[in-house]
Amino acid sequence: MSEMSCLFCRILSGEIPSTKVYEDRLAYAFLDVAPQAPTHVLIIPKEHSDSLNDVTQADEPVLGHLLRLAPKIANQLGCAEAGYRTVINTGGDGGQSVDHLHLHLLAGRALSWPPG
């Protein structure tokens, strides 16, 4: 996918509005427009990768950073203590609907298992 047509790259560029929750030099986090839980945040790397299938060893610092942001953002939003779920969907059958690697942070209710 071209970064120019990527929904999340367009959000990063400011072309499409979003409700920012967190931002630093490597990542951007914003509220999902179709939340699947009372709290549903998307945490995305600023550098485009289509999916987890496309990452390399060089991407490990960014992937680790995304995972470390999840508890930081959960704390910021007041849901860390009660609990939250993080999910990375990969590919169509995995539930990925936007071809830009992203981590979902879901919270605000008891989340059942299996998820889908």
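Buried means under 20% relative accessible area, exposed means over 50%, and partly exposed lies in between. Keep that scale at hand for the exercises below, which all work on a predicted model.

## Exercise 1: Placing Ser-49

Task: decide whether Ser-49 is buried or exposed, and find where it lies.

Solution. 
- Step 1. Start with the location: Ser-49 sits in the loop between β3 and α2.
- Step 2. Take its relative accessible area, which is 12%. The cut-off for buried is under 20%, so Ser-49 is buried.
- Step 3. Look at its surroundings. With neighbours within four places in sequence left aside, Ser-49 is in contact with Val-55, Asp-99, His-100 and Leu-101.

## Exercise 2: A loop alanine

Task: classify Ala-80 by its relative accessibility, and list its contacts beyond its sequence neighbours.

Solution. 
- Step 1. Ala-80 belongs to the loop between α2 and β4.
- Step 2. Its relative accessibility is 23%. Because that value falls between the two cut-offs of 20% and 50%, Ala-80 counts as partly exposed.
- Step 3. Setting aside neighbours within four places in sequence, Ala-80 is in contact with Ala-74 and Asn-75.
- Step 4. For a distance check, take Leu-67, which is 13 residues from Ala-80 along the chain; their C-alpha atoms are separated by 14 Å.

## Exercise 3: Salt bridges

Task: find how many salt bridges the whole structure holds, and work out which residues are linked in a network.

Solution. 
- Step 1. Count. Searching the whole structure gives three salt bridges.
- Step 2. Take Glu-15 and Arg-10, whose closest N and O atoms are 3.0 Å apart. Glu-15 is exposed at 51%, while Arg-10 is partly exposed at 28%.
- Step 3. Next comes Lys-20 with Glu-23, where the closest N and O atoms are 3.2 Å apart. Lys-20 has a relative accessible area of 49% and is partly exposed; Glu-23, at 39%, is partly exposed too.
- Step 4. Glu-23 also forms a salt bridge with Lys-46, with the closest N and O atoms 2.8 Å apart. This pair links distant parts of the chain: Glu-23 is in strand β1 (residues 20-23), Lys-46 is in the loop between β3 (39-45) and α2 (60-76), and the two are 23 residues apart. Lys-46 is partly exposed, at 30%.

## Exercise 4: The nonpolar cores

Task: name the residues of the largest nonpolar core that touch the most other members, and say which element gives the most to this core.

Solution. 
- Step 1. The largest nonpolar core has 15 residues, and those touching the most other members are Ala-29, Val-41, Ile-43, Leu-69, Ile-73 and Leu-105.
- Step 2. Assign the elements. At least two residues of this core come from each of β1, β2 (27-31), β3, α2 and β5 (103-107).
- Step 3. The element that gives the most to this core is α2, with five residues.
- Step 4. Zoom in on Val-41. Leaving aside neighbours within four places in sequence, its contacts include Val-21, Ala-29, Ile-73 and Leu-105.
- Step 5. Another core lies apart from the largest one; it has nine residues, among them Cys-6, Cys-9, Ile-11 and Phe-30.

Technical notes. Residues numbered from 1 in each chain as written. Predicted model: local features only at pLDDT ≥ 70, side-chain atom pairs only at ≥ 80, totals over all residues. Heavy atoms only, no water. Salt bridge = Lys/Arg side-chain N within 4 Å of Asp/Glu carboxyl O. Buried < 20%, exposed > 50% of the residue type's maximum accessible area, 1.4 Å probe, protein only. Helix = DSSP H or I, 4+ residues; strand = E, 2+ residues; numbered from the N terminus. Core = buried A, V, L, I, M, F, W, Y, C linked by side-chain atoms within 4.5 Å. Contact = heavy atoms within 4.5 Å.
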